[in-house]
Amino acid sequence: MNLPHYVKSKSKVFSIIPFLKNPVAISIYPFILIPANIYKDLHGRKNPNLYHRALLVHEETHRDRQKGAPFIYFLRYLL
């Protein structure tokens with residue numbers, strides 16, 4: 001499956017940041033950060049797991065909402 005350029009794998013560097021270290025996907029406009037195992041499944045397979053595809057669609061929705069006011073949505077993650 002071809003992923004958009006803004007979908008990135010969460011590297012080990014993110015484990016230092018408290019709200020990014022949990023093993024879930026997160027959208028911080030303009031990027032969608034997903035765990036490495038899910039990224040590998042989505043990027044490496046022709047027919048990825050349906051749960052992983054649904055997760056990507058879910059994060060796309062968050063990304064679209066953040067276009068208008070990314071800072072406000074970013075604050076929600078901190079609070």
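## Exercise 1: two packed helices

Helix α1, residues 36-44, packs against helix α2, residues 50-66, at an angle of about 100°, and their axes are 10 Å apart. The model you're looking at is a predicted one.

**Task.** Sort the angle between α1 and α2 into a class, then work out which residues make the contact.

**Solution.** 
- Step 1: A pair of packed helices is described by the angle between the axes and the distance between them.
- Step 2: check the cut-off. Angles of 65 to 115 degrees count as roughly perpendicular, so α1 is roughly perpendicular to α2.
- Step 3: From α1 come Ile38, Asp41 and Leu42, while α2 brings His52, Arg53, Leu55 and Leu56.
- Step 4: sort them by class. The contact of α1 with α2 has 4 nonpolar, 1 polar and 2 charged residues.

## Exercise 2: zoom in on α2

**Task.** Take His52 and Leu56, both set in that contact, and decide for each: buried or exposed?

**Solution.** 
- Step 1: apply the cut-off. Buried means under 20% relative accessible area, and His52 has 12%, so His52 is buried.
- Step 2: look at the partners of His52. Setting aside neighbours within four places in sequence, His52 is in contact with Ile38, Asp41 and Leu42.
- Step 3: repeat for Leu56, which is also found in helix α2. With 7% relative accessibility, Leu56 counts as buried.
- Step 4: find the contacts of Leu56. Again leaving out neighbours within four places in sequence, they are Met1, Leu3, Val7 and Leu42.
- Step 5: Leu56 and Ala25 are 31 residues apart along the chain, with 8.3 Å from C-alpha to C-alpha.

## Exercise 3: a residue in β3

**Task.** Which residues does Ile34 contact, leaving aside neighbours within four places in sequence?

**Solution.** 
- Step 1: locate Ile34. You'll find this residue in strand β3.
- Step 2: Ile34 has 1% relative accessibility, so Ile34 counts as buried.
- Step 3: collect the contacts. Ile34 touches Val7, Lys8, Ser9, Lys10, Ala25, Tyr39 and Leu42.
- Step 4: go over to α2. The C-alpha atoms of Ile34 and Leu55 are separated by 9.1 Å, at 21 residues apart along the chain.

## Exercise 4: a peptide bond and some rings

**Solution.** 
- Step 1: check omega. Tyr29 and Pro30 are joined by a cis peptide bond, with omega about 15°.
- Step 2: describe Tyr29. At 32% relative accessibility, Tyr29 counts as partly exposed. Tyr29 and Gln66 are 37 residues apart in sequence, yet 6.1 Å apart from C-alpha to C-alpha.
- Step 3: turn to Tyr6. The charged end of Arg63 sits over the Tyr6 ring, 3.6 Å from the ring's centre.
- Step 4: With centres required to lie within 6.5 Å, the count comes to 0 aromatic pairs.

## Exercise 5: the whole chain

**Task.** How many helices and strands are there, and what pattern do they follow?

**Solution.** 
- Step 1: count elements. The protein has 3 helices and 3 strands.
- Step 2: read along the sequence. The pattern is β-β-β-α-α-α.
- Step 3: tally burial. Of the 79 residues, 29% count as buried.
- Step 4: check contact range. Among contacts between residues at least 6 apart in sequence, 61% join residues at least 24 apart.

Key:
Residues are numbered from 1 along each chain as its sequence is written. This is a predicted model: local features need pLDDT of at least 70, side-chain atom pairs count only at pLDDT 80 or more; totals for chains, interfaces and linings use all residues. Side-chain values use heavy atoms; hydrogens and water are left out. Axes are lines fitted to C-alpha atoms, for helices over the stretch in contact, and angles run from 0 to 180 degrees between N-to-C directions. Helices (H or I, at least four residues) and strands (E, at least two) are DSSP runs, numbered from the N terminus. Angles under 35 degrees count as roughly parallel, over 145 as roughly antiparallel, 65 to 115 as roughly perpendicular and the rest as oblique. Contact means heavy atoms within 4.5 Å. Ala, Val, Leu, Ile, Met, Phe, Trp, Tyr, Cys and Pro count as nonpolar, Asp, Glu, Lys and Arg as charged, and the others, Gly among them, as polar. Rings of Phe, Tyr and Trp (its six-membered ring) pair if their centres lie within 6.5 Å; planes under 30 degrees apart count as stacked, over 60 as edge-to-face and the rest as tilted. A charge sits over a ring if NZ of Lys or CZ of Arg is within 6 Å of the ring centre and within 35 degrees of the ring normal. Buried means under 20% relative accessible area, exposed over 50%, partly exposed in between (1.4 Å probe, protein chains only).
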